[in-house]
Amino acid sequence: MSKQEQHWEKTRNLLFITLAIWFVFSIGIFLFGAEMQESSIRPFGYPLTYWFTCQGSLAIFVILIFWFAGRQEKIDDEFGFTEREGEQ
Amino acid sequence: MIKGKFIDNLPKVYGIYTGGFLVFIIIMAIAEQAGMSAKMIGIFFVAFTVLIYALIGWLSRTLQTDAYYVAGRQVPTVFNGMATAADWMSGASFVAMAGGIYFKGYGYMALLVGWTGGYVLVASLLAPYLRKFGCYTVPDFIGTRYGGNLARFSAVIVLTVASFTYVTAQINATGTIASVALDIPFEIAVYVGLASILMCSMLGGMRAVTWTQVAQYIVLIIAYLLPVFWISNNIGAGFFPHFMLADEVARIAELEGQFGFVKNSAADLATVPKGLAGITKPHSSVNATPWAFISLAVCMMAGTASLPHVMMRYFTTPSVRTARRSVGWSLFFIFLLYSSAPMLATLSKISLMDPTLATGIIGKSVADVQALDWYQNWNQANLMFVSDFNGNGTLELNEFFMKGSAVVLATPEIAGLPYVISGLVAAGGMAAAMSTADGLVLAISNALSHDVYYKIINPKAETAKRLIVARVLLVLIGFAGATIAALEIQGILGSVIWAFDFAMSGLFFPLVLGVWWKRANAPGAVAGMLLGLISGTAYLVWVRSGGSGFLGITQLTFGIVGASVSLVSMIVVSLITAAPDAATQKMVDDVRIPSGKTILGKQH
C-alpha cells in the first residue's frame, strides 16, 4: 500500500470515530429523551435531557472538533503531508 | 495600508475596539442618568455601531480578486472563528431563537443541537478539503471537481435558492430592529438596513466582510451575555446563570402545573394580533417525540454543512491545518451565545410568571399590567398583547401574548434593567442580522460574478471588469432581497429553517461525495443537485398547500426528502455513467492530503 493510501485509511478511520461520537450526542441520546429526563443524574441540578440540549451536547461538539483536528494533524505529520510554511 | 501590519496587530486593534465599545456603553449609561431619552439612546447605539462597521468596510476596500473573494487567504484561526460565528449567528439566532425556546420548549431546542452539531460535519467532512482545493466559491469546487458548466450552474442555482431565502429573513430582521430603534416605518427601515449591509461589503468584498464580522461578533456577544448575567443577578438567581438556574427551571415547572395550560377558543385567539403567541408548551419537560426532535436536528446539521456562506469562510484561512482548527474556534464562539439562549428564555419566563417577583405579571390584575410603561411601549410596537378572556380581571397564563422576537428585545426592560441595556440589545441584534446578510449577499453575488459571469459567460474578462460586475450584482441582489423582505411572507425563524432545508436538499451529498467518493461523476452530481432541490421544493409546496406529508416530515424538515432523493439519484446516475477520468481521480487524491499546491492557482 502506498504512503498516500495508508494516510487515507487512517484519515478515514478517524472520520468514522469522530462521526460515531457525533452521532451519539446529536441523535443517539435523544432517542431516549423521555427516559433520560427521569434519570436521577442531574448535572448542576438540571434535568438530564434538558441539560444535554442546552449545554452538554454543545460543549462535547466543541471538544470533539479540537480533538479531531489534533489527531488529524498527527496523522498528517506521520506521513509527512503537513503543509510547509508559506506554501499555497 | 491595512495589510501586513494590520494582520500582525489584530489582537491590539480589536482589543482597543472592544474597550472603546465598553466606554461607549458607560457613556450612554451616564447620559441616561443625566436624562437622555430612551429614543435617543436607541438611535445612538444603532447609528454609532453601524457607522463603525461602515468605516471598517471602507478601510478594507480592495481592487484585487483574491482579497475580494477570499480576503487574501490570511485570516488567522481565532479571528476567522469570530467572523464565522458572526456570519453564522443571524437575526434568527440572536432575536428569534430564545423566543422559540420560550414558547415551544424542548421541541425547539433541537435547533441548539442541530446548529452546533453541524460543525462536526463541517470540520471532518468538508472544510479542510475545500480549503486545499483553493476555490473562491462553493460552485467553483463543484464545477472543477466534477467538470462542466452544467454542474457549476446547478450548484449556483441551489446556492441562490438557499441563500436568497435566508437573506430575506436577515434583511427583515435588520428592518424590524431599525424600525423599533430609530422609530421609522418598517418599509423604510428595510432599506436603511440594506444600505448599512451594502456599505460593509461593497468596496472590500470578503476582506471587508471579514473584518466587519469580527467587530460585529464582539458587539453581539456583549449584547447577549450582559443582560443574561445582569438579570440573573438582579433577581437573585445566581451570579453565573448557566450553572445556577436549576431552581428556576424547577420553579417554572411548578408554576406551570399551578396555572395550567388553558386552551383559548378560536374566537378569543382571533382578537390577538398576528404573529403573537402565548405559552402553550411546558418549559423543560420532553414534549416532542424523538423523531420530531431528531429530524429537525438532522436537517439543521446537514444544512450547516451545505450552506455556502459558512463554507466560504474557511477559504480565507492561510492553510488546511488552520481551516480545521478554525472550525473549532467558530463553534466555541457560537457556543458562548447558544448555551445562553435557554438561560435567557428561563430568566424571561420566571420574571414574567413568578408572582413572588416584583416583575411578575401573571396573577396580577389586567388593568395594572396594561398600565405598565414597558407593556404600553411594546404593545404599541405590536409585539405584546394582553386580554381578559375569562373576564375575571386577573391576568392568566393563557391571556398574555408576545412575539417571538420580543423575548430577547423586551426582557431587559421587563426585568427592570436601565434602558441603556435595551439599546445595547438592539445594536447586538442589528450586528447579528447584518453580519449574516453580508455573508449571504456576498455568497450569492460571488457565485454569480465568478462562476456564471467569469467562468461561463466571459472567461477573458479583466480583473477590474470582474470586480465591477461583482459589485453591481451585490447591489442588485441586496435590493431584490429587501423588496421581498418588505412583503413579510414568512417569519424570521421559519425562513431560516427553510434555507437550511434547501441547501441540504441540493448540496450536501454532491459536496461530501465529491471528496469522499472518487467514483462520483458530473452526471451524478447534476442529478443529485437538481433532483434533490426539485423534490424537496415539491414536498414543501405540497405540505404548505394542505398535503398530509409522510413519515412525520413537516415543512420545517423537508430537507430529509430532498437529501434522500439527492443521495439515491447521485449514486445511481454516477454508477450507470462512465467513471471520472484519471485526471479527476488524481485531483481527488491531491485534495485528500494537506501538503502540496492547491488545485486551483492562487489567482484564478
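How many residues does the contact take from chain A and from chain B?

1. The contact takes 40 residues from chain A and 43 from chain B, two residues being in contact if their C-beta atoms, placed from the backbone, lie within 7 Å. On the side of chain A that touches chain B, H1 (3–26), H2 (33–37) and H3 (48–78) each supply at least two residues. H3(A) gives the largest share, 18 residues. By class, this side of chain A has 23 nonpolar, 14 polar and three charged residues (Ala, Val, Leu, Ile, Met, Phe, Trp, Tyr, Cys and Pro count as nonpolar, Asp, Glu, Lys and Arg as charged, the others, Gly among them, as polar).

2. This is a predicted model, in which local features need pLDDT of at least 70 and side-chain atom pairs count only at pLDDT 80 or more, while totals for chains, interfaces and linings use all residues. Residues are numbered from 1 along each chain as its sequence is written, and chains are lettered from A in the order in which they are written. The model scores ipTM 0.93 and pTM 0.91.

3. In chain B, helices H6 (residues 91–104) and H21 (residues 406–414) pack at about 90°, with axes 7 Å apart. They are therefore roughly perpendicular (angles of 65 to 115 degrees). B:Phe94, B:Val95, B:Ala98, B:Gly99 and B:Tyr102 of H6(B) meet B:Val407, B:Val408 and B:Leu409 of H21(B). Seven of these contact residues are nonpolar, one is polar and none is charged.

4. Of the 19 residues of H17(B), 16 are buried, so this helix is largely enclosed by the rest of the structure (buried: 20 or more other C-beta atoms within 10 Å of the residue's own, C-beta atoms being placed from the backbone).

Notes
A residue is buried if 20 or more other C-beta atoms lie within 10 Å of its own, exposed if 12 or fewer, and partly exposed in between; C-beta atoms are placed from the backbone. Helices (H or I, at least four residues) and strands (E, at least two) are DSSP runs, numbered from the N terminus. Axes are lines fitted to C-alpha atoms, for helices over the stretch in contact, and angles run from 0 to 180 degrees between N-to-C directions. Angles under 35 degrees count as roughly parallel, over 145 as roughly antiparallel, 65 to 115 as roughly perpendicular and the rest as oblique.
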